[in-house]
Amino acid sequence: MKKRLSFLSSIVALTVIVSGCGSENDAASPKKQDDKKTEAPYELTVAFPVKGAIPKDMQLVNDEINKIAKEKINATVKLLPISYSAYVNQMNLMMTGGEKLDLMVEWGAFYSNYIAKGQLLALDDLLNKYGKDVSESLGPVFLNAPKVKGKIYGVPTIRDLAQDYGFILRKDLVTKYNIDLSNVKKLDDLESVLKVLKENEPSMAPMTNKVTSSLYGSFSTRDSLGDDLGVLLNNGQGELKVVNWYETPEYADMVKLMRKWNQAGYAIKDVVTNKESENTIIKAGKAAGNLTHMKPGFAEQQSKIIGTEMTSVKLAPAAANTSTVNSVMWGISQGSKNPEKAMQFLNLMYANKEIVNLFSWGIEGKHYIKKQDGLISYPSGVDENNTGYALNQGFMFGNSFLADVWEGNDKNIWQETKKFNESATRSKALGFTYDNTSVKTEVAAVSNVVNQYRLGLEDGAFDPDKELPKFISELKAAGIDKIIAEKQKQLDVWAKENNVK
């Protein structure tokens with residue numbers, strides 16, 4: 001059983017944050033020290049999504065984080081975990097309704113929409129004043145990847161900032177049926193594996209989807225340019241020409257393959273309406289595996305989460321683009337009453353090993369112990385079934401390269417992840433984020449069409465010969481060509497400013 005590893009990149013130096021808590025000037029100023037002691041700590045509301053149930057010891061972990069935050073920046077946090085399926089809607093309701101919200105996880109797919117609605121605070125000045133460790137640990141390329149019209153509205157977490165793609169499945173089934181994965185090199189090759197699983201495990205679907213995505217998910221060699229409403233093909237390595245992903249031959253071939261697999265019974269039943277996470281489904285024995293993006297140590301991570309040994313097969317090369325870097329970010333709500341404290345706490349998540357370990361693994365001695373070999377594991381009498389804290393989402397909390405490594409994983413996993421990030425193919429458009437403000441009406445209309453057709457097509461529930469032409473026609477009627485033209489215009493300007501050809 002291997003513990004889930006947070007996905008990340010680049011190692012951070014522990015430094016004193018810029019909050020009046022240890023600078024030479026403050027040390028020489030008794031009045032400032034007295035003010036800090038008498039000032040009431042500000043409580044930050046910090047929202048993030050969780051897969052599965054909220055850990056029963058979440059409040060205990062919250063209390064330990066508050067001890068550090070109060071000492072370091074004279075602030076406390078109220079952690080607000082929200083289920084994955086409800087998270088995006090809940091964030092929108094909180095921000096539009098003026099509810100108290102300071103820090104929040106931002107999914108990259110919704111980043112442009114948040115900015116267009118004016119829901120996020122520009123972070124540039126706050127980063128300069130209070131975010132030294134955030135900036136230094138990310139470095140200029142990844143820190144600037146979320147820039148929109150010269151402003152930063154979110155900072156990526158440090159994890160696997162590139163992605164490769166493949167299929168992960170239960171290793172016991174591979175062994176039981178002598179499945180040879182060595183010849184599985186591309187998506188089409190996976191069919192022979194699915195066929196064996198279907199024939200021999202009739203009560204188990206060969207594959208499932210992710211709760212927020214389709215069977216196919218993000219698998220492909222495109223640079224989505226943030227939202228798939230206009231993409232660059234070939235991982236952004238060729239011409240900087242924005243095209244309609246949904247009318248490309250690649251997309252047509254893919255949805256036809258998904259249809260074939262669905263008709264053959266390779267997908268879980270009710271795949272389009274599924275609300276269970278892929279991990280829950282596989283753990284319950286209802287599916288063998290799923291298509292997914294991967295990283296170093298991914299099979300070990302999933303083995304711990306699912307509770308049985310998993311193995312993976314790579315089907316596409318590693319690539320980095322703005323979407324992979326920006327897929328998980330932190331931002332400050334426009335309505336935050338104390339954005340300075342919010343940035344100070346965010347900086348702690350990129351600088352303070354104790355806080356990163358608390359988010360990642362829980363409380364030392366209660367939820368994990370350190371071993372002589374430098375790895376960590378469960379204390380005596382504790383396992384994944386009875387632990388009070390198994391969030392397994394370290395990738396989400398600042399600089400996960402600061403976290404201790406769980407036993408069963410390569411102790412050099414963070415160094416390997418750093419190499420993975422550095423060696424991946426980089427899209428020519430890495431660092432480009434388009435501003436959809438001028439086409440937000442079209443984005444809303446096109447998004448409605450995408451929501452109507454995409455899951456059904458990519459899950460194989462819809463007949464692509466009938467529904468794909470309708471999908472493309474309705475996308476055009478809703479204004480996708482106008483969105484693509486605007487995105488191309490902004491990309492051309494960005495490319496000229498950054499000397500990208």
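How many bridges join strand β1 to strand β3, and do the two run parallel or antiparallel? The views below start there, in what is a predicted model.

**View 1. Strands β1 and β3 side by side.** Here β1 (residues 42–50) and β3 (residues 103–107) run parallel, and 2 bridges join them. Look for Val46, which sits opposite Leu103 of β3. As a reminder, strands in a sheet pair through backbone hydrogen bonds, in either a parallel or an antiparallel way.

**View 2. The open sheet of 5 strands.** Reading across, the order is β2-β1-β3-β9-β4, and the pairing is mixed. The edges belong to β2 (75–83) and β4 (155–156); each has a single partner strand, so one side of each has no neighbour in the sheet. Helix α3 (residues 58–73) packs on this sheet and touches β1 and β2. The direction of α3 makes about 145° with that of β2.

**View 3. Helix α10 against helix α18.** Now over to a helix pair: α10 (residues 249–263) packs with α18 (residues 464–478) at an angle of about 140°, the axes being 11 Å apart. The crossing of α10 past α18 is right-handed.

**View 4. Side by side residues where α10 meets α18.** From α10 come Tyr251, Ala252, Val255, Lys256 and Arg259, and they meet Pro464, Asp465, Leu468 and Phe471 of α18. Sorted by type, the residues of this contact are 6 nonpolar and 3 charged, with no polar ones.

Conventions
Residues are numbered from 1 along each chain as its sequence is written. This is a predicted model: local features need pLDDT of at least 70, side-chain atom pairs count only at pLDDT 80 or more; totals for chains, interfaces and linings use all residues. Side-chain values use heavy atoms; hydrogens and water are left out. Axes are lines fitted to C-alpha atoms, for helices over the stretch in contact, and angles run from 0 to 180 degrees between N-to-C directions. Helices (H or I, at least four residues) and strands (E, at least two) are DSSP runs, numbered from the N terminus. A crossing is left-handed if the near helix is turned anticlockwise from the far one by less than a right angle, and right-handed if clockwise. Contact means heavy atoms within 4.5 Å. Ala, Val, Leu, Ile, Met, Phe, Trp, Tyr, Cys and Pro count as nonpolar, Asp, Glu, Lys and Arg as charged, and the others, Gly among them, as polar. Two strands pair if DSSP finds at least two bridges between them.
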